[in-house]
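Hi,

Here is the structure I promised to pass on to you. Have a look at it first, and then read my notes below.

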Amino acid sequence: MRKTIAATGALILLSMTANAVAQEAERFRLERTEEGYVRMDTQTGAMSICRERSGQLVCAPAADERTAYEEDIAALQDRLETLEERVEALEGASPEAASDLPSEEEFEQTLGLMERFFRRFMGIVKDFEKEEKTTSPDTPAPDRT
């Protein structure tokens, strides 16, 4: 029983591999020309010029595709240079310039102002509470949580 399952699995795997190879073989078409061959990728439409050299078929992208390929490379090189300049500028910037955080002195000054504000505010609240207690002693105080 196990041998039958193993054999069936092997046949399925073999047929899948053969199918993939067949699809890959059908992907490219070669057409003979006076100077060699033209290879076309049936999935992408890319064309290459192929010539026989030392018993092997050597292919290079067609002239139009080569120009587009070189333009893409040039555009990518420009983008890379721009990104490298930005990284260099960011790495070279001083930590204070790169950060919008206040200095230690500014922080302490702001903290001092906030402390004064809250102390004064709490003083006003306490004064209101004292006034409320003196004006209505019969009224019970609200529950506090």
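**The disulfide**

Let's start with the cysteines: Cys-50 and Cys-59 are joined in a disulfide, with their sulfur atoms 2.0 Å apart. Keep in mind that this is a predicted model. In case the term is new, a disulfide is a covalent bond between the sulfur atoms of two cysteines. A search of the whole structure turns up one disulfide. The link of Cys-50 and Cys-59 is right-handed, with 105° about the S-S bond.

Are the two cysteines buried or exposed? Cys-50 is buried, at 0% relative accessible area, while Cys-59 counts as partly exposed at 30%.

**The salt bridges**

Next come the charged residues. Side chains of opposite charge can pair when their charged atoms come close. How many salt bridges does a search of the whole structure find? The search finds three.

One of them is between the side chains of Asp-41 and Arg-27, at 2.8 Å from N to O. Asp-41 sits in strand E2 (residues 37-41) and Arg-27 in helix H1 (residues 2-27), so this pair ties together parts that are 14 residues apart in sequence. Asp-41 has a relative accessible area of 6%, so it is buried; the cut-off for that word is under 20%.

Another salt bridge is formed by the side chains of Arg-51 and Glu-35, at 3.5 Å from N to O. Here too the pair links distant parts of the chain, 16 residues apart: Arg-51 belongs to strand E3 (residues 47-53), and Glu-35 to the loop between strand E1 (28-32) and E2. Arg-51 is partly exposed, with a relative accessible area of 33%, whereas Glu-35 is exposed, at 61%.

Then there is the salt bridge between the side chains of Arg-119 and Glu-115, at 3.1 Å from N to O. What separates these two along helix H4? Arg-119 and Glu-115 are four residues apart in the helix, which means about one helical turn between them. Arg-119 counts as exposed, at 60% relative accessibility, and Glu-115 is partly exposed, with a relative accessible area of 44%.

E1 and E2 run antiparallel and are joined by five bridges. To see how they line up, find Leu-30, which stands opposite Arg-39 in E2. The hairpin has four residues between the strands, and Gly-36 takes a positive phi near 155° there.

Why can we say that E1 lies largely in the open? Of its five residues, the number buried is zero, so there is the reason.

**A nonpolar patch**

Phe-107, Leu-111, Met-114, Phe-117, Phe-118, Phe-121 and Met-122 make a nonpolar patch of about 710 Å². Take Phe-118 as an example: you'll find it in helix H4 (residues 104-135). At 46% relative accessibility, Phe-118 counts as partly exposed.

Cheers

How values were computed. Residues are numbered from 1 along each chain as its sequence is written. This is a predicted model: local features need pLDDT of at least 70, side-chain atom pairs count only at pLDDT 80 or more; totals for chains, interfaces and linings use all residues. Side-chain values use heavy atoms; hydrogens and water are left out. Patches are made of residues with over 30% relative accessible area and no salt bridge: like charges are joined within 9 Å, nonpolar side chains (Val, Leu, Ile, Met, Phe, Trp, Tyr) within 5 Å. Accessible areas come from the Shrake-Rupley method with a 1.4 Å probe; for residues, only the protein chains shown count as cover. A salt bridge is a side-chain nitrogen of Lys or Arg within 4 Å of a carboxyl oxygen of Asp or Glu. Buried means under 20% relative accessible area, exposed over 50%, partly exposed in between (1.4 Å probe, protein chains only). A disulfide is a pair of cysteine sulfur atoms within 2.5 Å. Two strands pair if DSSP finds at least two bridges between them.
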